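Trainee: Could we go through this structure together, one step at a time? I would like to learn how to read a fold.

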Amino acid sequence: MPTTWAAERFGEQAAQLSAAVPMQLARAHARAHAVHLTARLKKRSPYGATLAEAVRENLADAARELGEAVRDVRGYEYAVINDHALFPFKYSDRPRPLDRARLASNASPTRRRMLLSHGPQPQDGLFPLDDDLTTEEYEALHETFEELGATTKLVCVFFTSDPESGIHVIHWGDAHLEPDRTFTWIHSEQLPVAPQPLV
């Protein structure tokens, strides 16, 4: 049975999506692990880059299987179910609590803008203005992506993983990006981790 929160976000697809997300993350890890082994590098960058792209692709495939939308934002596909876009993000390569999640300082403007414009508003309804941003930059960061759908809301899918152990933990929910790149969770739920057969 899906939770009340999931049913409110995803409607009749909530139960199937709750099962699909862990499976798709497990499949993405298997693909990224295979690339990591093939690259035979000590650095983990082939794993991380492949995992990020594979997770997005796999979630888009899951949306298609459910008969839901997939939208292209700046060359990247995002699954959109019941007007809610899935935003996957690996926040650590070690098992860490969700409240330790932080967006990298070099995160793309597109990712920041998606979080700020399609994510939940802060509880008081006001954005604290970043001191180092001009008004134009601030407004640009809060413009919605028409290609995603101006009314589309973001559901964050945050997880931790590493090449050897695979996916450690998965959370999804409504997260607001703060000026210091941390997240305030309006609501979060932990999803089970699916078995991860390696290819």
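**Strands, helices and how they meet**

Mentor: Gladly! Let us begin with E2 and E3, which pair in the antiparallel sense over two bridges. Keep in mind that this is a predicted model.

Trainee: Which residue in E3 does Val80 stand opposite?

Mentor: Look along the pairing of E2 with E3, which runs in the antiparallel sense. Opposite Val80 you will find, in E3, Ala85.

Trainee: In the hairpin of E2 and E3, which residue takes a positive phi?

Mentor: Two residues lie between the strands of this hairpin. The one with a positive phi, near 55°, is Asn82.

Trainee: And in the hairpin of E1 and E2, which residue takes a positive phi?

Mentor: E1 and E2 pair in the antiparallel sense over five bridges, and Ala69 stands opposite Val80 in E2. Their hairpin has two residues between the strands. The residue there with a positive phi near 55° is Arg74.

Trainee: In what sense do E3 and E4 pair?

Mentor: Strand E3 covers residues 84-92 and strand E4 covers residues 153-162. Leu86 stands opposite Val155 in E4. Over eight bridges, the sense of this pairing is parallel.

Trainee: Which are the edge strands of the sheet?

Mentor: Six strands form an open sheet with mixed pairing, in the order E1-E2-E3-E4-E5-E6. An edge strand pairs on one side only, and that picks out the two ends of this order: strand E1 (69-73) and strand E6 (183-191).

Trainee: Which helix packs on the sheet, touching E1, E2, E3 and E4?

Mentor: Its direction makes about 40° with that of strand E2 (76-81). The helix spans residues 45-65, and its name is H3.

Trainee: How far apart are the axes of H2 and H3?

Mentor: Two packed helices are described by the angle between their axes and the distance between the axes. Helix H2 (residues 14-39) passes H3 in a right-handed crossing. By class, their contact has 14 nonpolar, six polar and three charged residues. The angle is about 145°, and the distance between the axes is 8 Å.

Terms used: Residues numbered from 1 in each chain as written. Predicted model: local features only at pLDDT ≥ 70, side-chain atom pairs only at ≥ 80, totals over all residues. Heavy atoms only, no water. Pairing = 2+ DSSP bridges. Helix = DSSP H or I, 4+ residues; strand = E, 2+ residues; numbered from the N terminus. Contact = heavy atoms within 4.5 Å. Axes fitted to C-alpha atoms, helices over the stretch in contact; angles between N-to-C directions. Left-handed = near helix turned anticlockwise from the far one by under 90°. Nonpolar A, V, L, I, M, F, W, Y, C, P; charged D, E, K, R; others polar.
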